[in-house]
Protein chains: 2
Amino acid sequence: MAPRVSEDYKNRKRLELLRAAKQVFMEKGYTRTTMQDILDEAGVSRGALYAYFDNIEHVYRELLRHEDEKELHFFDPDDTRTAWRQLRNWIQKQQQEIEAIEHSLLLANSEFFLSTHAQPENESRRYLTARYQRITDAIVDFIEKGTARQEFQPRLPAESIALYLVSFIDGLMLDTFHLGMEKTNVHAQIDALLFSLKEMLCPADEAKSL
Amino acid sequence: MAPRVSEDYKNRKRLELLRAAKQVFMEKGYTRTTMQDILDEAGVSRGALYAYFDNIEHVYRELLRHEDEKELHFFDPDDTRTAWRQLRNWIQKQQQEIEAIEHSLLLANSEFFLSTHAQPENESRRYLTARYQRITDAIVDFIEKGTARQEFQPRLPAESIALYLVSFIDGLMLDTFHLGMEKTNVHAQIDALLFSLKEMLCPADEAKSL
DNA sequence: TTGAAAAACGACACTATTGTCGTTTATAAT
DNA sequence: ATTATAAACGACAATAGTGTCGTTTTTCAA
């Protein structure tokens, strides 16, 4: 027999639960958030929430997936701008995210990443590994395409540059989160990053000196 | 009347408790470790442990303090080596720590840092802030001394370079912890870091190209 | 030795959270 | 309207950890 409510209804409900979850996770991070918090925020019962998600790890995993889908296409080819400009643009977006760090999922994300480390082989771990691979691959690809078009003349392997870039951003986010933007001086650090990348990539459309 | 046991006795007991705590924190991280775990590992009773520490946050804070004391003097002046060599040395030490990451306090540290973010003004937060300041100040100082001795000719402010260096190391540690050394390719990233620092600092005793 | 005081013990009351499950309510096909 | 079925509810048992405190043990000065 046909289901009693439409797929669409269930989908909307699911999204509403994820919205509530996101709200709570932004405020409290991952570790301190409970299922109770989420169901309170969503205004549903325990049973309703558990009908959609097995446990809190499951909720967070699905939220992350949902958020990632929005983000995905930043390194797609874009012929209206030079590669270097596009890269600077991405970095600027990261900077903005860092500067709005208190209203982001960064705390929750970090805690979630760390929490997965306990469990050996796990849906969440697999997803996070694939996620890292996805972003670094996209950057490598981007650098290689830029190189083929002679927009970059990299002085290090593309992979090294990509991994390096990601590590730095991750570190800056984390430190800024702990210590606040004043102490970490985000602006100065972004300058240093751009300086480094320029030396590594030798973009055609920039004078060599800062 | 004189205390029933010597200061020395209490001190040794305290250190033994911290040793046990370190063991557990290395295995389980901060979040999942309980007072029970620590008192089991130390082979003492609940009451004994609580006589020395108020709660788990207190235990961790004291452990961190104790560990930091060992580390403190890496950027002290050292006339037997060039400044650039000394810096490379420090980076090499960080690399070794990253490569032994499963047997370190990194997971626990990260979780502890994140956990403090909830509490507004707090002994642990103060300590962590001072700790960051201490390391970045030491590096700034080191760069400025090297510059005064004409061993460096920095092309960016010393503070930017110092903060940048710390962010990168923090990010690399974290990512490597999540994903393992193979995925993050620590060696390649350290190369990229050295490349960047060379461009930023222009050390006198190095050929300009890698 | 002895005994006062500190150290160590561990049972316990309390709190927080989880996931389940029997019950009630809402939905839509007939 | 009726009714089969799924969705939503929320009380509850189970689990796990915390910090306290009355009791026991150990230590060492006298």
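Colleague: What is the mean pLDDT of chain A?

Modeller: The mean for chain A is 92. Of its residues, 96% reach 70 or more.

Colleague: And where in chain A is confidence lowest, and where highest?

Modeller: Helix H6 of chain A, residues 106-116, is lowest, with a mean of 92. Helix H10 of chain A, residues 186-201, is highest, at 98.

Colleague: Why care about low values at all?

Modeller: Where pLDDT is low, predicted coordinates should not be read in detail.

Colleague: OK, the fold. How many helices and strands does chain A have?

Modeller: Chain A has 10 helices and zero strands. Along the sequence the pattern reads α-α-α-α-α-α-α-α-α-α.

Colleague: What box do its C-alpha atoms fill?

Modeller: For chain A, roughly 65 × 45 × 35 Å, taken along the principal axes.

Colleague: Switching topic. How many residues are in contact between chain B and chain A?

Modeller: On chain B, 44 residues are in contact with 44 residues of chain A. Between them the two chains bury about 4000 Å². Carbon and sulfur atoms account for 66% of that area.

Colleague: How many salt bridges between chain B and chain A?

Modeller: The count is two. B:Arg155 forms a salt bridge with A:Glu199. Their closest N and O atoms are 3.4 Å apart.

Colleague: And how many residue pairs in polar contact?

Modeller: Between chain B and chain A there are 16, counting pairs with both residues at pLDDT 80 or more.

Colleague: Which helices of chain B supply at least two residues to the side that touches chain A?

Modeller: Helices H6 (106-116), H7 (123-148), H8 (158-179), H9 (181-184) and H10 (186-201) of chain B each do. H8(B) gives the most, with 15 residues.

Colleague: What classes of residue are on that side of chain B?

Modeller: The side of chain B touching chain A has 21 nonpolar, 13 polar and 10 charged residues.

Colleague: Last one. What rotation superposes chain B on chain A?

Modeller: A rotation of 180 degrees, with 0.0 Å of shift along its axis. The RMSD is 0.1 Å. That is the relation of a two-fold axis.

Colleague: Which C-alpha of chain B is nearest the axis?

Modeller: That of B:Gly171, 1.8 Å from the axis.

Colleague: Through what surface do the copies meet?

Modeller: Of the interface residues of chain B, 100% are also interface residues in chain A, so the copies meet through the same surface.

Key
Residues numbered from 1 in each chain as written. Chains lettered and ligands numbered in written order. Predicted model: local features only at pLDDT ≥ 70, side-chain atom pairs only at ≥ 80, totals over all residues. Heavy atoms only, no water. Contact = heavy atoms within 4.5 Å. Buried area = accessible area lost by both parts, 1.4 Å probe. Salt bridge = Lys/Arg side-chain N within 4 Å of Asp/Glu carboxyl O. Polar contact = N/O pair within 3.5 Å; in protein donor to acceptor, adjacent residues only side chain to side chain. Helix = DSSP H or I, 4+ residues; strand = E, 2+ residues; numbered from the N terminus. Nonpolar A, V, L, I, M, F, W, Y, C, P; charged D, E, K, R; others polar. Least-squares fit on C-alpha atoms with pLDDT ≥ 70 in both. pLDDT = per-residue confidence, 0-100.
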